[in-house]
Amino acid sequence: MKRIYKSRKINYGTAIGFGMTDLLGGSAYAIVSAWLLFFFTQYTNITATKAASILVIAKFFDSFFSIFVGYLSDSLFKFKVGRRFGRRHLLMLIAIPLVLEYALIWMPNHNYWYYLITYILFELIVSLVLIPWETLPTEMTNNYKQRSLLSTIRLIISELATFLAMILPRQLLNLFGENNPTAFVVNSIIFSFIFSIAIFISWKTTWENPPTLSMPSSESMTFKKLVYEYIEVLKIKSFRQHLMIYLTSYGSMDIWNAVFVYFVTINLGLRASIAAGIQSINIVSIPMTGLLGYIIIKKGPKWIYHFSYALIIISSIGWLAVWLYMPNNIIYYLYFIGFVYYIGRSGMVYTPWNVFSFIPDIDEVLNGQKRAGMFTSIMTFIRKSTSSIGTFLVGFILDRSGYINKSTIQPHTVHVAISFILIGGVSFFIFLAWYVVRKFNLTFETSNKINQEIQRVKNGGNPNDVDQKVKNMIENLSGQPYPKS
């Protein structure tokens, strides 16, 4: 299919087409992290610990599957079917009908094994989509402004998806009643079709690089060599720093999502629909993401990180104050604190994925290979293998503190545990991320210089003739000598 390899102009229409797949990435995990643990403990006979174990086990399987998908995505060009449909686009095409499986997760009256299997399958399908899709900005352009446009629009769509994921369950809970699981069944069916249509749009409107000799070869690839390739990628210092920032930032969000509904319904004694309403404040992230696309070019990613982390810490203090003092008109306070939290969270979510598209360039300038798939699969592997740990700990701590299934009337020890997780857990991860950000030096300016060096070498330049300032910059970002012997 020649269309897959036909480079086109990158404009807002292109960026929207590319970003549509984040309707899956933004909403599916938002719903799962905010509601699945609550769904299991309130609408099934599964305990909180067992419910959390479903997420952990599924992530375990998926994290290893992600490594395989990343390598497959980089290497499919060696096969005829990969050359015809594109090494990235073939996997997306396969996943279009498979994402409808999402609706099966939310069907009531099944046992532990049913929910475990259906959720594992969904995690594997999502990896089949997102890993090749996330490499596309690197494939479509080398221009940092165009990549930033793709990332910005993609994340605006992601925030829109997250808003829909919060507001639609609220409306359905009001429609069907809070004790009726039909709200979650209808919600899952609607979103499963949204996911399928969104992936098709991205598949139709994007392209990738045609096969070249510089791409990783699948010939004579052994397990030992594959592991070596991944170790090479992990040697990039800026990538390791980026992974830590990404994991701790998103880890704080995972914890908040997993416990916030419990905080509202149990600690504060309010309805679940109130929690969903506060979560729907996420709509502010949509204009914020557009604004952040401008700010990140003017001030750089570190400024946004500092701003975002400060607001999240302030909001954590706010949640603590509300729980301790239980003020009159408490809902107004909750919405205000939620507004502060989501302003901060929008920057924390936006920045890592905007920065990520420039990191594979550091590897390319050292090794002359395009291995964006491997970078993506490592991010996915580590993120998925650790993200469910927070959710599992939430379930485990709830059970150990005396949580009573299918009830919002809980012992005081459960109230204390929930507040400890929401405030202490979130703050701990934010301070860890903040520490690493201080040492992170990748900017759009440095990325532009790296791409100029890549182009110079491609045009026949000798790596030994590199400008000394550029050489120092590359070595600082990579943690390795340049040129690599």
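The largest cavity holds about 660 Å³ of space, in a model that is predicted. Four cavities of 30 Å³ or more were counted in total. The lining of the largest cavity is made up of 38 residues, of which Gly25, Tyr29, Tyr250, Met253 and Arg383 lie nearest its centre. Two or more lining residues come from each of the helices H2 (22-43), H3 (48-75), H6 (112-134), H8 (144-176), H11 (237-267), H15 and H17 (372-400), and H2 gives the most, with eight residues.

The lining of the second largest cavity consists of two nonpolar, two polar and seven charged residues.

Helix H15, which spans residues 330-356, is also the place of arginine 345. Arginine 345 counts as buried because its relative accessibility is 6%, and the limit for this class is under 20%. The side chain of arginine 345 makes a polar contact, at 3.0 Å, with the side chain of asparagine 257. When residues up to four places away in sequence are not counted, arginine 345 touches Met253, Trp256, Asn257 and Ile312; of these, Met253 is also among the residues that lie nearest the centre of the largest cavity.

Note on methods: Residues are numbered from 1 along each chain as its sequence is written. This is a predicted model: local features need pLDDT of at least 70, side-chain atom pairs count only at pLDDT 80 or more; totals for chains, interfaces and linings use all residues. Side-chain values use heavy atoms; hydrogens and water are left out. Helices (H or I, at least four residues) and strands (E, at least two) are DSSP runs, numbered from the N terminus. Buried means under 20% relative accessible area, exposed over 50%, partly exposed in between (1.4 Å probe, protein chains only). A polar contact is a pair of N or O atoms within 3.5 Å; within protein, one must be able to donate a hydrogen and the other to accept it, and residues adjacent in sequence count only if both atoms are side-chain atoms. Contact means heavy atoms within 4.5 Å. On a 1 Å grid over the protein atoms alone, a cavity is a set of points where a 1.4 Å probe fits but cannot get out, and a pocket is an open set with protein on both sides within 12 Å along at least five of seven lines; lining residues have an atom within 4 Å of a point. Grid points are joined across faces, edges and corners, and a volume is the space filled by probe spheres set on the points. Ala, Val, Leu, Ile, Met, Phe, Trp, Tyr, Cys and Pro count as nonpolar, Asp, Glu, Lys and Arg as charged, and the others, Gly among them, as polar.
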